[in-house]
Amino acid sequence: MKDERLMIRINKLKKMQLKQEAERRGMTPSELVRSLIAKFYEPKQRDTAG
């Protein structure tokens, strides 16, 4: 399941906010980001036929 790596650039304030929100929810910052992405709609299937 974890076969891709996502790298983002954020400033120190945003990183601190992410860490504090993750701690408030009892998870790691990575888990928080994954849970937020999981709320997105399912992606549309690409037509690879041509």
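Me: Hi! Which helix is Leu 18 found in?
Reply: Leu 18 sits in helix H1; helices here are DSSP runs of H or I with at least four residues, strands are E runs of at least two, and both are numbered from the N terminus. This is a predicted model, where local features need pLDDT of at least 70, side-chain atom pairs count only at pLDDT 80 or more, and totals for chains, interfaces and linings use all residues. Residues are numbered from 1 along each chain as its sequence is written, and side-chain values use heavy atoms, with hydrogens and water left out.

Me: Thanks! Is Leu 18 buried or exposed, or partly exposed?
Reply: Leu 18 counts as partly exposed because its relative accessibility is 22% (buried is under 20% relative accessible area, exposed over 50%, partly exposed in between, with a 1.4 Å probe and protein chains only).

Me: What is Leu 18 in contact with, leaving aside its neighbours within four places in sequence?
Reply: Those partners are Pro 29, Leu 32 and Val 33, where contact means heavy atoms within 4.5 Å.

Me: And how far apart are Leu 18 and Arg 34?
Reply: They are 12 Å apart in space, C-alpha to C-alpha, and 16 residues apart in sequence.

Me: New topic: how many helices and strands does the chain have?
Reply: The chain has 2 helices and 0 strands. With a radius of gyration of 15 Å, well over the 10 Å that the globule rule gives for 50 residues, the chain is more spread out than a compact globule. That radius is taken over C-alpha atoms, and the rule is 2.2 Å times the number of residues to the power 0.38.

Me: What does the C-alpha trace span?
Reply: About 45 × 20 × 20 Å along the principal axes of the chain. Of its 50 residues, 4% count as buried.

Me: OK, pockets now. How much space lies in the largest pocket?
Reply: About 750 Å³. On a 1 Å grid over the protein atoms alone, a pocket is an open set of points where a 1.4 Å probe fits, with protein on both sides within 12 Å along at least five of seven lines; lining residues have an atom within 4 Å of a point. Grid points are joined across faces, edges and corners, and the volume is the space filled by probe spheres set on them.

Me: Which residues lie nearest its centre?
Reply: Arg 5, Leu 6, Ser 30, Val 33 and Arg 34, out of 20 lining residues.

Me: Where does the largest share of the lining come from?
Reply: From H2, with 5 residues.
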